[in-house]
Amino acid sequence: MERNYKFIFIAMWLAISAHAGPLPELKLADTDRILVLAPHPDDEVLGCGGIIQEAVARKLPLRVVFLTHGDENQWSFFLYRMHPVIWPSSVRALGEVRVKEALMAARVFGLSWEHLQFLGYPDFGTLAIWNQHWGDQPAYKSLLTRSVAVPYSDALRPGAPHRGEEILRDLTQVLEEFRPTKVFVSHPADHNGDHRALYLFTRVALWDVEKEIQPTLHPYLIHYRRWPQPRSYEADAPLNPPATLDGEAAWHVFPLTPAQVATKHRALQEHVTQYKSNGRYLRTFIRTNELFGDWPVAHLTGSTNSLHSLELLEQKGPAEQLTEAERAQFTGVEWDHARLVGDNLELSLRLSRPLAREVQASIYAFGYRRDTPFAQMPKLHIKLGELRTQIFDQNRRLDDNMLRVTRSENEIIVSIPRAVLGKPDRILTGARTYVVEVPLDWVAWRVLRLD
């Protein structure tokens with residue numbers, strides 16, 4: 001009970017103190033080279049429409065790169081065409097529609113095709129590629145296009161297999177050729193899988209090129225539970241961080257002039273398929289500023305407790321799209337700590353309730369080291385049920401005794417030998433709860449550095 005009171009006190013403190021002072025401003029320099037990475041066409045406008053306008057006005061080198069063609073947003077396409085799209089060729093054709101929309105939006109900003117690049121990887125599939133399609137694993141098969149390789153002739157590398165190392169290769173090529181000083185990318189706390197995946201791939205790509213370039217990273221948030229508020233067109237209102245993420249994360253704002261706000265709105269309307277189906281939500285990002293922020297890297301030294309999350313369970317709840325039965329099974333999850341204990345990485349999760357028979361939790365831990373290609377590094381997936389623990393490296397089952405799991409009523413602690421992770425110097429880790437494959441809750445992926 002004492003611990004619950006502590007949570008509630010912190011939640012109240014956050015609610016009272018949130019935005020007590022102005023957030024620092026993000027500024028562009030005359031020497032900047034701006035790279036905007038977008039998971040889908042329209043994210044570049046929602047997250048960075050003001051940044052793009054400022055870069056154009058100051059004649060800064062600028063490139064906008066799209067991870068996917070956004071070809072699996074079936075609700076949008078249903079409203080656009082007024083009938084469901086089921087044939088793979090039709091899905092690809094609608095992906096090409098979204099590319100044309102991105103070009104029309106770019107023209108509103110004063111950009112041309114030369115400023116844009118499309119990687120063409122599968123919409124709604126890149127997080128699955130991140131989790132389990134590396135190296136000798138089969139390429140991911142797109143749910144609707146049915147392709148196992150990039151099917152678009154206008155992509156950077158048509159025919160590139162749907163594998164993690166291929167996405168990493170494309171992002172690394174973009175970074176090495178364009179040499180940005182500032183990179184804007186989707187946020188690791190975003191609820192959309194493609195958004196989280198792009199952040200993760202970008203992190204690894206930046207590590208791979210860090211001896212040559214060291215741009216600053218500026219994540220932007222689009223999808224988050226009950227945010228932004230109010231869910232309406234508020235062009236005179238600021239965009240503030242979600243209260244549950246306004247703690248350890250360092251947020252910056254980029255103010256927009258009234259003219260930039262209006263131009264951003266016009267550009268967003270050029271994404272016709274999305275604006276027609278979900279305009280009310282999209283217009284919530286037409287505000288007086290844009291918002292960028294990320295968590296600092298957690299440096300783990302000895303047994304220092306170096307990772308905390310302020311995504312408090314008391315402030316979280318079931319997502320709106322869950323059924324009544326799924327809401328009844330809702331199990332919230334948050335990080336408690338990460339630390340080194342001897343030569344073991346210890347990760348601790350707190351749950352809002354004990355795992356029920358139907359509910360599972362997953363912890364992911366992907367190691368990185370400079371002298372080993374990332375595709376060859378272990379990518380651990382630890383599945384936790386009510387009583388059972390299973391360990392996988394991508395899809396390959398490992399010995400369950402390779403690590404130690406300690407459970408209490410509302411906490412799970414996993415101790416992983418560093419050797420099992422490939423003796424990394426950096427780790428990307430995330431966690432989620434779910435029923436079958438229906439997501440219940442998740443925490444943002446975090447970067448750990450092992451010193």
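Start with strand β3: 6 of its 6 residues are buried, so the rest of the structure largely encloses this strand. Buried means under 20% relative accessible area, with exposed over 50% and partly exposed in between (1.4 Å probe, protein chains only). Helices (H or I, at least four residues) and strands (E, at least two) are DSSP runs, numbered from the N terminus.

This is a predicted model: local features need pLDDT of at least 70, side-chain atom pairs count only at pLDDT 80 or more, and totals for chains, interfaces and linings use all residues. Residues are numbered from 1 along each chain as its sequence is written, and side-chain values use heavy atoms, leaving out hydrogens and water.

Color the two faces of β3. Leu-116, Phe-118 and Gly-120 point one way. Gln-117, Leu-119 and Tyr-121 point the other way.

Pick Phe-66: its bridge partner in β3 is Phe-118.

Next, select helix α6, residues 164-178. Its buried residues include Ile-167, Leu-171 and Phe-178. The buried residues of α6 pack against β1 (34-38), β2 (62-68), β3 (116-121), α5 (126-132), β4 (182-186) and α7 (193-208); contact means heavy atoms within 4.5 Å. Step past the helix to Arg-179, where phi is positive, near 55 degrees.

Now jump to the open sheet, with 4 strands in the order β9-β10-β16-β15 and antiparallel pairing. β9 (333-341) and β15 (404-407) are the edge strands, each pairing on one side only. Finish inside this sheet: β10 (residues 344-351) and β16 (residues 411-417) pair over 7 bridges. Select Glu-346 and its bridge partner in β16, Ser-415.

Definitions and conventions:
The expected span of a helix is 1.5 Å times one less than its number of residues. Two strands pair if DSSP finds at least two bridges between them.
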